[in-house]
Amino acid sequence: MSILVAGGAGYIGSHMVKQLVESGEEVVVADNLSTGHKKAINPKAKFYYGDIRDRAFLDRIFVNEDITAVVHFAAFSIVPESMQEPLKYFDNNTGGMITLLEAMRDFKVKYIVFSSTAATYGIPETMPIKETDPQQPINPYGLSKLMMEKMMAWADEAYGIKFVALRYFNVAGAAADGTIGEDHGPETHLVPIIMQVAQGKRAELSIFGDDYNTPDGTNVRDYVHVMDLADAHILALKYLEAGNPSNAFNLGSSTGFSNKEMLEAAREVTGKEIPAKIAPRRPGDPDSLVAASDKAREVLNWQPKYDDVHDIIATAWQWHSTHPKGYDDRN
Ligand code: UFG
């Protein structure tokens, strides 16, 4: 019996695979390596190279392996890119979910844990955001993921495929043993970009906007450690295997940090100056995104271990400072 991790070579997927393997599970990874890294895949997992939109590829996996559950990370996740190339997001994210659910239906795989996002909420009316709040995305990325959530709900209704949608807030950090970390090309996320400035790989940080409706004018986000996120997925799998109904959970720390506060925290952790300037707003950024994550704590018994953003940044810094070229697998 194996768990299929779609997108297991990516940043969050690779941390999930590590956690699953270390908890004794058999893991099969499906990844087209469009943004992931072969070197990030835990050597104890079995790797299939291919695209989840390719039904023949999925059939090969489901015929060869005894898959009991799917954890789905195989999606694009860059908000600004989705504003410029919306169809790329609907094709890969939303389209990929259709093929995956069809294959799960045909091979009678009953459980899926899905990487959803805070971006499905759009501009929240109240803070912190609850799972029951309206989902009105303001960017194609968020909409592509909301459509995937709704597809899963109908697939549950029609075929009995049970799902947990985990709505991530801002994921950061790296495995504490320093073996895997965050390496996107090009990098767009705040924490790794700050790390690159601290390393001297970039001249300065551009803070996108300081006239938002927040205490210091810069966007406020809720940072959650990638290993805490992996733990939540494992709990979500157990929740489904125990026969519970489909559900959605926010995953965040319930504490917001502004971009300026993140910069200050990184200066403290790294001891580096980290030059920064204020730049124009980036399209698609809501003022603040902070999660109410008590539902995951109560229902899944999720207990995040990293509750201080300095500790999250410290693990990111460890990975970046020991892997100055990331996975070093780009031409
Ligand atoms: N930012 C900068 N300068 C940079 C990069 C980012 O100021 O060079 C700012 C952004 O404008 C934003 C904040 O840092 O205010 C965080 O930006 P990220 O790109 O790191 O993350 P996002 O908040 O855009 O998106 C992330 C995930 C999404 C998820 C979202 C939910 O990438 O998948 O968090 O909160 F939906």
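**Between the two domains**

Start where domain 1 and domain 2 meet: the count there is 1 salt bridge. A salt bridge is a side-chain nitrogen of Lys or Arg within 4 Å of a carboxyl oxygen of Asp or Glu. The model is predicted, so local features need pLDDT of at least 70 and side-chain atom pairs count only at pLDDT 80 or more, while totals for chains, interfaces and linings use all residues. Residues are numbered from 1 along each chain as its sequence is written, and side-chain values use heavy atoms, with hydrogens and water left out.

Select lysine 305 and aspartate 231. They form a salt bridge, with 2.8 Å between the closest N and O atoms.

Next, count the polar contacts. Domain 1 and domain 2 share 10 residue pairs in polar contact, both residues at pLDDT 80 or more. (A polar contact is a pair of N or O atoms within 3.5 Å; within protein, one must be able to donate a hydrogen and the other to accept it, and residues adjacent in sequence count only if both atoms are side-chain atoms.)

Now colour these elements: α3 (79-84), β7 (170-172), β10 (223-225), α7 (226-241) and β11 (247-251). Each supplies at least two residues of the side of domain 1 that touches domain 2. Helices (H or I, at least four residues) and strands (E, at least two) are DSSP runs, numbered from the N terminus. Which element gives the most to this side of domain 1? Helix α7 does, with 6 residues. By type, this side of domain 1 divides into 22 nonpolar, 6 polar and 4 charged residues. (Ala, Val, Leu, Ile, Met, Phe, Trp, Tyr, Cys and Pro count as nonpolar, Asp, Glu, Lys and Arg as charged, and the others, Gly among them, as polar.)

**The whole domains**

Select 2-172 + 223-251 for domain 1, then 190-221 + 254-322 for domain 2. These bounds come from an automatic or database domain assignment. The two centres, taken over C-alpha atoms, are 24 Å apart. In contact (heavy atoms within 4.5 Å) are 32 residues of domain 1 and 29 residues of domain 2.

Together the domains bury about 2,600 Å², 70% of it on carbon and sulfur atoms. Show Tyr223, His225 and Asp228: they supply 27% of the area that domain 1 buries against domain 2, more than any other three residues. (Buried area is the accessible area, with a 1.4 Å probe, that two parts lose on being put together, summed over both.)

**Arginine 167**

Go to strand β6 (residues 162-168) and pick arginine 167. Is arginine 167 buried or exposed? It is buried, because its relative accessible area is 4%. (Buried means under 20% relative accessible area, exposed over 50%, partly exposed in between, with a 1.4 Å probe and protein chains only.)

Show the side chain of tyrosine 121: a polar contact of 2.8 Å joins it to the side chain of arginine 167. The arginine 167 side chain also reaches the backbone oxygen of glutamate 131 at 3.2 Å. Leaving out residues up to four places away in sequence, arginine 167 touches others too, including Gln135, Glu149 and Phe249.

**Backbone stops**

Select methionine 127 and proline 128. The peptide bond joining them is cis, with omega about -5 degrees. Proline 128 sits in the loop between β5 (111-117) and α5 (140-159).

Move to glycine 185 and proline 186. This peptide bond is cis, with omega near -5 degrees. Proline 186 is in the loop between β7 and α6 (190-199).

Last, check two positive phi values. Leucine 33, not a glycine, has phi near 55 degrees. Leucine 33 is partly exposed, at 26% relative accessible area. Lysine 108 has a positive phi of about 60 degrees. Lysine 108 counts as exposed, because its relative accessibility is 63%.
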